[in-house]
Each structure stands twice: as structure tokens, then as C-alpha cells.
Amino acid sequence: MSTVAPTTAASTDAAGRRRVIRRAIVAGSIGNFVEQFDYGLYGYMAPVLASSFFPASDHTASVLSAYAVIAIACLVRPLGGSLLGRWGDRFGRKRVLLWTVVFMGISTALIGVLPTYGQIGLAAPLILLVLRVVQGMVAGGEYVGAVAFVVEWAEPRRRGFYTSFASNSCFFGILAGAGVAALMSAVFSDAALHSWGWRIPFLAVLPLCLVGMWLRSRIGETPEFEAATEHGTNIVEAPFREALRSQWRPILVFCGASIMLAILSYTWVTFYPEYLSETLGLPKSAAWLSNMISVAVLIPLLPLAGAISDRIGRKPMLITGAVACIVLVPLAFWVGQQGTFAGAVGSQLIYIIPEFFLTGIVTVCAAELFATRTRFSASSIAYNSSFSIFMGITPFVATLLVSTFGTIYAVWVYLAVAAVLALVVITVFMKETYRSDLAADKFAH
């Protein structure tokens, strides 16, 4: 009996810890869901929003203006990330993540009550821009903070698997945004949708954020942060400056490795449905549905990708994903040129192959590459200097490239350049992190 009790106690402790980890994943991921729901909704409904907030005389110019608002909002993410990262490293992950979900909900809901260009003129797009800038600043710390929160709670040898659910929360958000956009299009007439129907999903975000705040208030600070800072008594006084001083190598590595994923993902979820409908003539509802199908297929695959990376490492997955970007994306575009629903679905099922190898792995690397005491600040700098900026400008750049060169393969060239850069960075400069100590500096000599 003396050997049974300790074993039972250990099993009970392990089961209890996994329950806490599951709660941490849900609490950490709900903000990502809201952020990507808003981003996906805005992207999918860009043509409707363009007619509401910008002059309707030139449709292409209006859509470009709507995308430009996304780009500008993403450009301020580094500022928001630097502020929130500093607070996250000084006061803890939990406290910062409580406030990010609140501000995200308020700013999104305000878009739902914003007067249109026809009602208040130029003030409408200016106020829209201000609200998107606030969202951008909050989002600059939300995602990396949530990833740090999940990784620091996760079991050391299952970090890739657990973090895949944080990635999945983003795709669930995008899927929900696409689904709601498609539902709005199906339920409302064009006149009603352009007049007031588009406001409903933006307003619906507010109660969801209140649920997120409640969930985050019920989970404690991460064990890794408490251990590294001696329960908050041994913090770095200037974490942003310290991150730039001591973590500049992994920051540059992450930037070089992640730009391709930003271009890959946001060409797919924001630009491509618009291209299918506006350029290839597919009905909007069919374009959105084809995108939703591909996102739904990818979601259950990401935990598998995370589990594989926990066994073989992050670098092999990233290298495979970069090669897939170069080889498979032009094939996906070629299949999509049929202009049919089947072609749209088929092209995006090919497109998600590189997404499988990259998405969750880049996410976990956003935490593993950096030491705990400055992780929030360092990952904010890295993520917002690369992923966030290219995430924001990609729909705009892709639309401009197709308009200028008359072919979607110009977008592939844009992606291929980033993929080649990533291959060099990953193979030459990146160190493997899948079995590393989170508290250590992986690039220390």
C-alpha cells in the first residue's frame, strides 16, 4: 500500500494540472478568437464597409481604402505591443490579458454604431480609423500575451500540441467571421445589409468579451512567470529595453521566419475570397463558403501538426512549410482559376498544406525563442515587427499586385520571396527550441 498512495496522488496531481492547463488554454485563446472574428468579419465584409464609410464613386478605390484601414491599424501594433509587453513582464500575463479583451470588445462594438459616410461625411472613415487603431494597439499585445500564457502553463514536452489550440482559436474566429458574413448575406437583402445588417455582428462581440474577461479572471498567473520572477518580486525593471539588448538575435530570427506565414495566411483568409468573387466571378456566398470549408478542414489538423513538432522539432516543420509555399501555392492558384465552386474549394485545400506545417509552429516559436522574464516584451517586438505589419498590408498589396500585373501569380512571387528569406533564416540562424528550457536565453553564448 505504501507504493500505491504516492502513485495515486501523482496521477491525481497530473490530472488536476491538465484541467488547469485546459482552462488556461480556453482563457488565453478567447481573446484571439475575438480579435480574428473581428478581423475576418471586417475582411470578408470589406466591400460592404467600403460602400458605408468611403465614397462609392470608385468601387476599387473604396475597397482599397477599407483594406488600407486594416494596414494602418496593424502598423500601430508595435506601439501597442511595446506598452502591453512591458506591463506583461512587469505585472504579469493575467492582468494585461484581462484588460486587452475588454478594450477589444468596446472598440469593436463601437464600430457597430458608427455613422456612415453618407451621414457624417469624412468624419466616418476618420472615426473608423481611430477605432481600428485602438484595436490594433490592443491586438499588438493580445496574441503574443495569450501565446506566452498558454506556453508557460503547458507541459514542457507538449507545448506544440497545447499551443496549437491558441492558433485554432484564431481560425475559429476567422471561421465564425466568415460564417456570420455569409449568414448576413443570405438573410438580408443587399439594401438591408448595406444599410444596417452589417452592424449586428460587430455589436455581438461585446457580450463575448465579457465572457472572456470572466474566464481570464478565474485562472491564476503562469507558474513559469512566477518562478522566473520569484512571484513578481524579481522583475526586469525595463523589459522592453532589456529585450532589445539581450534578445535581439531571436527577435530577428523570428521576424525572418514568420513574414511568409503572415503573407500566406492573410492572402488566404482576407484577399482570396474577394478575388474569387470580384475577379473570377464566383458568387460572394460561394466564395465565402469555399473559404470556410478550407478553414474547417485545417482546424482539426493543427493539433496533429503541434504533436508532430513536439516529437521531431520545430525546424523540420518550418522548412517543409517554406518549401510548400514556393511549390504548392502557384498550383493552388492555378486550380482556382477555373472560377467554379469546386475549383475554389480545391485550390484552398491545396493552399492549407503549407499552413499545416507553419501556423502552430510559428505560434509556439513566438514564445519558445525568448526567455521568460522578457518574453512578453521580446515576442511583442518580434511578432509586431514582422507578422502584424505584413498581416495588415498583405490584402492591400495583393489587391494592388493583381490590379497592376493582371495576374494572381504576382501575389505568389510576393510570397515566394518571403519564403526564400525564411528558408535561409531557419536553416542557418535558428536554433531548435522544442525541448528547451523556457527560462533560458536560447541564443546566449
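How many aromatic pairs does the count come to? In this predicted model, the count comes to 16 aromatic pairs.

**View A. The aromatic pair of Y143 and Y383.** The two rings are tilted, with 35° between their planes and 5.1 Å from centre to centre. Y143 belongs to helix α7 (residues 123–153) and Y383 to helix α18 (residues 375–405). The pair links distant parts of the chain, as its members are 240 residues apart. Y143 and Y383 are both buried.

**View B. The aromatic pair of Y272 and Y275.** The planes of the two rings lie at 15° and their centres are 6.1 Å apart; planes under 30 degrees apart count as stacked, so this pair is stacked. Y272 and Y275 are 3 residues apart in helix α13 (residues 248–278), and therefore about one helical turn separates them. Both Y272 and Y275 are buried.

**View C. A cluster of rings that includes Y272 and Y275.**

**View D. The contact of helix α13 with helix α14 (residues 284–298).** The two axes cross at roughly 145° and come within 8 Å. The crossing of α13 past α14 is right-handed. On α13, the contact is made by W268, V269, P273, L276, S277 and E278. On α14, the contact residues are K284, A287, W288, S290, N291, S294, V295 and L298. By type, the residues of this contact divide into 8 nonpolar, 4 polar and 2 charged.

Note on methods: Residues are numbered from 1 along each chain as its sequence is written. This is a predicted model: local features need pLDDT of at least 70, side-chain atom pairs count only at pLDDT 80 or more; totals for chains, interfaces and linings use all residues. Side-chain values use heavy atoms; hydrogens and water are left out. Rings of Phe, Tyr and Trp (its six-membered ring) pair if their centres lie within 6.5 Å; planes under 30 degrees apart count as stacked, over 60 as edge-to-face and the rest as tilted. Helices (H or I, at least four residues) and strands (E, at least two) are DSSP runs, numbered from the N terminus. Buried means under 20% relative accessible area, exposed over 50%, partly exposed in between (1.4 Å probe, protein chains only). Axes are lines fitted to C-alpha atoms, for helices over the stretch in contact, and angles run from 0 to 180 degrees between N-to-C directions. A crossing is left-handed if the near helix is turned anticlockwise from the far one by less than a right angle, and right-handed if clockwise. Contact means heavy atoms within 4.5 Å. Ala, Val, Leu, Ile, Met, Phe, Trp, Tyr, Cys and Pro count as nonpolar, Asp, Glu, Lys and Arg as charged, and the others, Gly among them, as polar.
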